[in-house]
Amino acid sequence: MEYQSVTIIGGGLAGSEAAWQMAESGIRVHLYEMRPHQKTPAHQTDFLAELVCSNSFKSIEPSKASGLLKQEMTQMGSLILESAQKSKVPAGKALAVDRTLFSQYITQKISSHPKIQVLREECTEIPKQGIVILATGPLTSLALSQSIQEKLGENSLYFYDAISPIVTTESIDMNFCFEASRYEAGSDYLNIPLSKEQYTEFVQDLMTGEKIEPKDFEKAAYFEGCLPIEVMAQRGFQTLAFGPLKPVGLTDPRSSAKPYAVIQLRKENQSGTLYNLVGFQTKLTYSEQKRIFQKILALKKAVFVRLGSIHRNTFIHSPLHLNPYLQLKSEPRIFFAGQITGVEGYMESTAMGLLVGRYASQFVKDKPIIPIPETTAMGVLIHYITSYPHKNYQPMNINYGLFPPLHEKTPKRDKKEALWLRANKDLSNWIHL
Ligand SMILES: Cc1cc2nc3c(=O)[nH]c(=O)nc-3n(C[C@H](O)[C@H](O)[C@H](O)COP(=O)(O)OP(=O)(O)OC[C@H]3O[C@@H](n4cnc5c(N)ncnc54)[C@H](O)[C@@H]3O)c2cc1C
């Protein structure tokens, strides 16, 4: 049977994976990739699915959520992971690849697939008709960004991320925090009070800590509304105490004292397993973030599921605009896939290409789409990007803190294994539906 063909824009990790999934299910795909005619500031080659930086796809261990994600993708026939297996280089417990062999293999498989036509052209606007998957990634071309902005509205497309660290709730020492919202308007935040001495040391550490140099195309990245915390510290001793660490409206109920400054942590998910350090977006290196933030008593043993960063990164406000199948709520013929949806990283982006490929195939065939269970690694990513409850939506990588809690009481040391087993079982059932 001949189905309607689909246009995929962006031949990166997500677009290539989506194209493969659709073509393998019998659907004709037109895959647009603007390189080499139009370059991005980070890509160096003409290959599809080029890796722009590290050659590692992180851990393969079950104890890490990134290991589970890769296992699920392999089970679902990921072309990207097939290529990674063929081009892998020794990297201990991580999966790392020879980047040239990796992208060459994918380029060859995609280009020679009878159902896929690769067009080396920039798409400057969202096609007005037909089924479209937008997978143009963190460096989406300017013209297309404008077209997306026109469709979604000005406040729904971002050009930089401003990521604050996230810690697991169970790793926070609650003896050094109190729950409260400013001016006694509830108890939504965890607050870590700082004395003048603690604040002084913290500001000093931020100023002297080692930072990552922004790349040339990222230099103009800072907006006044989301400056890196160390840049604020540099502006003056009191800047943070009048900014994100301001103590106004907060009294420590244990001592009835007004703290000199307060670090606020906000719930990151509805199940309350994760907390976000509000206003801590930063260009400090990962090791410096851990060193400096763990000097704060409440965070001494903090487990960071995400560390802070600021990058050039095009992404949309998915919770507002996408349904759980990553279709535009207002125009379901348009799907988004990859990093542009607000996931972060090679594998997370590929996973969102893989799922969209599956979902869009069902859509083309006019068959019901059965959503992936929210207990799987891919399911929790979809849940995050389509249901994040706060205004300040920022990209997310896969981590066990995102998973819905287990129903059974499970000792802490066995939790990850139990989450892994539950995900395995639920994915296997879903695949056969
Ligand atoms: C500088 C930098 C460093 C990074 N380092 C890492 C890292 O070390 N590890 C990690 O896990 N992740 C890293 N990332 C993130 C990683 O690149 C993404 O997670 C991943 O590549 C996203 O996959 P994607 O398919 O969504 O986008 P991409 O892989 O970027 O693919 C998008 C494709 O769309 C094409 N395109 C864009 N606009 C158009 C258009 N209008 N018409 C046609 N084609 C278009 C682009 O040329 C590109 O090939 C980095 C990102 C950047 C920018």
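First, some ground rules. Residues are numbered from 1 along each chain as its sequence is written. The model is predicted: local features need pLDDT of at least 70, side-chain atom pairs count only at pLDDT 80 or more, and totals for chains, interfaces and linings use all residues. Helices (H or I, at least four residues) and strands (E, at least two) are DSSP runs, numbered from the N terminus. Two strands pair if DSSP finds at least two bridges between them.

**The sheet of 3 strands**

Ser56 belongs to an open sheet with the order S3-S5-S4 and antiparallel pairing. Strand S3 (56-59) and strand S4 (88-89) are at its edges; each has a single partner strand, so one side of each lacks a neighbour in the sheet.

**The sheet of 6 strands**

Another open sheet has the order S6-S2-S1-S7-S17-S16, and its pairing is mixed. Its edge strands, S6 (116-119) and S16 (327-328), each pair on one side only. Helix H1 packs on this sheet, touching S1, S2, S6 and S7, and its direction makes about 170° with that of S2. Here, touching rests on contacts (C-beta atoms, placed from the backbone, within 7 Å). The angle, on a scale from 0 to 180 degrees, is taken between N-to-C directions of lines fitted to C-alpha atoms, for helices over the stretch in contact.

| Strands | Bridges | Direction |
|---|---|---|
| S1 (6-9) and S7 (131-134) | 4 bridges | parallel |
| S1 and S2 (29-32) | 4 bridges | parallel |
| S3 and S5 (94-97) | 2 bridges | antiparallel |

Now zoom in on S1. From S1 the chain crosses through H1 to S2, in a right-handed β-α-β crossover. Right-handed means that, with the strands pointing away from the viewer, the path from the first strand over the helix to the second runs clockwise.

**Around the ligand**

The ligand is surrounded by 34 residues, the closest being Gly10, Gly12, Cys53, Gly137 and Gly338. A residue counts here if its C-beta atom, placed from the backbone, lies within 6 Å. Helix H1 (13-24) and helix H11 (346-364) each give two or more residues to this shell, and H1 gives the most, with 3 residues. The shell divides into 15 nonpolar, 15 polar and 4 charged residues.

Conventions. Ala, Val, Leu, Ile, Met, Phe, Trp, Tyr, Cys and Pro count as nonpolar, Asp, Glu, Lys and Arg as charged, and the others, Gly among them, as polar. Two residues are in contact if their C-beta atoms, placed from the backbone, lie within 7 Å.
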